[in-house]
Amino acid sequence: MRIAVFGANGPTGRHLTDQALAADHEVVAVTRRPSSLPTRPGLAVAVADATDPADVDAAIEGTDAVLSALGARFSKETITTYSASATAITGAMARHGIKRLLAVSSSIADPNWRPTGAHFFNHVLDPLVNRRLGRTLHEDMRRMEAVIRQTDLDWTFVRPSGLFEHPVVTDYHTAETSADGVFTARADLAASMLRELEERRYVRTAMGVITTAVKPNIAKLIWNEGVKKK
């Protein structure tokens, strides 16, 4: 399958690109920074701004599916990366007749998500980090989901919990809407997207993804994911 990966040189996109190539997919890595992607068999690079309709239109031509791993840092300012890119991507997909879309969102997009047994997270970290520091980011993720829901595409929202780095895929867990857990390794997030691309268990709904086999250092996670500059 020929797959367009948006955010291919981001932390999740790199896992996604590597795993897709290892699974013998052809990958079109859509990025604004092509020099950071090494040349490999099966990999094509499309230089594009994911919020520019003309750029996106050219980037996805000839692909069979689109996977978005775009991301943004926490900010006090209004964030539009997710919703603007969703508008450009879905419009281009409609023009090219491409139906399958998987887009990374967040468990926070589910208003009822509260991990079982995670008292400190539910009552301290979640209100402080996700609902306050990450408020504008998660608001735009919800706008992204609203844009995509209005289409007739075969979409899946992929909702991880707190993202962290782990070198290998683990025995991750998925569930409809959101999954009951606090953390998600990026390697597992990428693997779940590629599996869903093949299995189509969560078409036109959301797929929660969590990692249970390993856990990150929480202080390091908050620093890397929400505070440290790119």
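Predicted model: local features only at pLDDT ≥ 70, side-chain atom pairs only at ≥ 80, totals over all residues.

User: What span does H6 reach, first C-alpha to last?

Analyst: 20 Å, for residues 186-199. That is close to the 20 Å expected at 1.5 Å a residue.

User: And what follows H6?

Analyst: Arg 200, with a positive phi near 55°.

User: Zoom in on Met 193. Buried or exposed?

Analyst: Buried. Its relative accessible area is 0%.

User: What is Met 193 in contact with, beyond its sequence neighbours?

Analyst: Leaving out those within four places, Met 193 contacts Leu 16, Leu 67, Ser 68, Leu 102, Val 104, Val 158 and Met 207. Take Val 104: it sits 89 residues away along the chain, yet the two C-alpha atoms are separated by 8.9 Å.

User: Switching to strands. Which faces of E4 are covered?

Analyst: Both. Ala 65 and Leu 67 are buried on one side, Val 66 and Ser 68 on the other. In a regular strand, side chains alternate between the two faces of the sheet.

User: Which strands pair with E4?

Analyst: E1 (residues 2-6) pairs with E4 in parallel over 4 bridges, with Ile 3 opposite Ala 65. E5 (residues 100-104) also runs parallel to E4, joined by 4 bridges. There, Leu 67 stands opposite Leu 102.

User: How does the chain get from E4 to E5?

Analyst: Through helix H3 (residues 81-96), in a right-handed β-α-β crossover.

How values were computed. Residues numbered from 1 in each chain as written. Heavy atoms only, no water. Helix = DSSP H or I, 4+ residues; strand = E, 2+ residues; numbered from the N terminus. Expected span 1.5 Å × (residues − 1). Buried < 20%, exposed > 50% of the residue type's maximum accessible area, 1.4 Å probe, protein only. Contact = heavy atoms within 4.5 Å. Pairing = 2+ DSSP bridges. Right-handed = clockwise from strand over helix to strand, strands pointing away.
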